[in-house]
Amino acid sequence: MDLGRQIHGQILKFGFGSYVIVGCPFLDMYAKLGLIFDAKGYYDEVPERNVVMCNTMIIGLMRCGMIEESKRLFHGLKERDSISWTTMISGLIQNGMEREAVDMFREMILAGFTMDQFTFGSVLTACGSLLALGEGKQIHAYVIRTDHKDNVFVGSALVDMYSKCKSIKSAETVFERMTQKNVVSWTEMLMGYGQNGFSEEAVKIFFEMQRNGFEPDDFTRGSVISSCANLASLEKGAQFHCQALVSGLISFITVSNALITLFGKCGSMEDSYLLFIEMNTRDEVSWTALLTGYAQFGKPMRRLICLKECWPLA
């Protein structure tokens, strides 16, 4: 922070403060440090601001939860571009205002601006959160008309939207028709199966993903382990545990938490407990998974002992 301000001071000293190309990085820096009023003060002092600088300011305001200020700035812009609209849409979503984000997407269409993969990705996320299947389908049709259907980012967002809206067959169709896939695409389909109660399909697609040469990350592995937990499959769980150890992903809390849950649901509380005490970092999910396992299998005293033993580890 101090270094950034020193550099900013030097730039002002040498008369470069009014240069837009210099202003954007400083606005971004101040916003990321939470110094939004410093950013706003500097923004107001720049005599000539272009749309890039305005968009950077909107991002900073949204990041700090200053929604009304962002709206005033956006609506007061003499010049807007597609990034201005997308920035507002994604910012509204980040602040839990999905309905307003979808409405703004409609305004963007009416204003005649071009959407890109980030616009579609953001608004589809909003539809998924709202369980707005009808609107999601309309946006899907718009994706096809604007020739974004083969974009891997948009395709993954469509799979996620349909999965969250409980339309798993539509998610499958989109996934199968994708000409390009990446780890995110496979993970979205796997999670879609898991979220909709198709745990066996989630496990199957995990192995299919590996056969196609994609290396699962911690999020993917945590998701498939959760599906194994729903199946109470200790054999598959042990297999994934070994893979996590070999790959080093066992160090990720999402993977360890999923394994603790799995072992607990399978009644293998010793494995669950050993994994718990070996974790370098724990959160509420870690504790809840372990204690729920003890409670589920009628071991209330062991649960209390566990609390006593593990409390210093918290």
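**Core, salt bridges and helix packing**

Trainee: Which residues have the most contacts inside the largest nonpolar core?

Mentor: They are Met57, Phe120, Ile139, Met189 and Ile225, in a core of 85 residues. A nonpolar core is a set of buried Ala, Val, Leu, Ile, Met, Phe, Trp, Tyr and Cys residues joined through side-chain atoms within 4.5 Å. Buried stands for under 20% relative accessible area, exposed for over 50%, and partly exposed for values in between, with a 1.4 Å probe and protein chains only. This is a predicted model, in which local features need pLDDT of at least 70 and side-chain atom pairs count only at pLDDT 80 or more, whereas totals for chains, interfaces and linings use all residues. Residues are numbered from 1 along each chain as its sequence is written, and side-chain values use heavy atoms, with hydrogens and water left out.

Trainee: What is Met189 in contact with, leaving aside its neighbours within four places in sequence?

Mentor: Met189 touches Val159, Ile168, Ala171, Glu172, Phe175 and Ile205, where contact means heavy atoms within 4.5 Å.

Trainee: And the chain as a whole: how many helices and strands are there?

Mentor: The protein chain has 19 helices and zero strands; these are DSSP runs numbered from the N terminus, helices being H or I of at least four residues and strands E of at least two. Of its 314 residues, 46% count as buried. Among contacts with a separation of 6 or more, 58% come from residues 24 or more positions apart.

Trainee: Changing topic, how many salt bridges does the structure hold?

Mentor: Eleven, a salt bridge being a side-chain nitrogen of Lys or Arg within 4 Å of a carboxyl oxygen of Asp or Glu. One of them pairs Lys40 with Glu69, with the closest N and O atoms 3.8 Å apart. That pair links distant parts of the chain, since Lys40 is in helix H3 (residues 36-45) and Glu69 in helix H5 (residues 67-75), 29 residues apart.

Trainee: Is Lys40 buried, exposed or partly exposed?

Mentor: Lys40 is partly exposed because its relative accessibility is 21%, and Glu69 is partly exposed at 23%.

Trainee: Where do Lys164 and Asp160 lie?

Mentor: Both are in helix H10 (residues 152-164), four residues apart, about one turn of the helix. Lys164 is partly exposed at 28%, whereas Asp160 counts as buried at 9%. Elsewhere, salt bridges with shared partners join Lys40, Asp44, Glu69 and Arg72 into one network.

Trainee: Now the packing: at what angle do H16 and H18 pack?

Mentor: Helix H16 (residues 253-265) and helix H18 (residues 284-296) pack at about 5°, with axes 8 Å apart. Axes are lines fitted to C-alpha atoms, for helices over the stretch in contact, and angles run from 0 to 180 degrees between N-to-C directions. H16 and H18 are therefore roughly parallel, the class for angles under 35 degrees, as against over 145 for roughly antiparallel, 65 to 115 for roughly perpendicular and oblique for the rest.

Trainee: Which residues in H16 meet H18?

Mentor: Ile253, Asn257, Ile260, Thr261, Gly264 and Lys265 in H16 do so, facing Val285, Ser286, Ala289, Leu290, Gly293 and Gln296 in H18.

Trainee: What about Leu131 and its phi?

Mentor: Leu131 is not a glycine, yet its phi is positive, about 55°. Leu131 sits in the loop between helix H8 (117-130) and helix H9 (133-145), and it counts as exposed at 55% relative accessibility.
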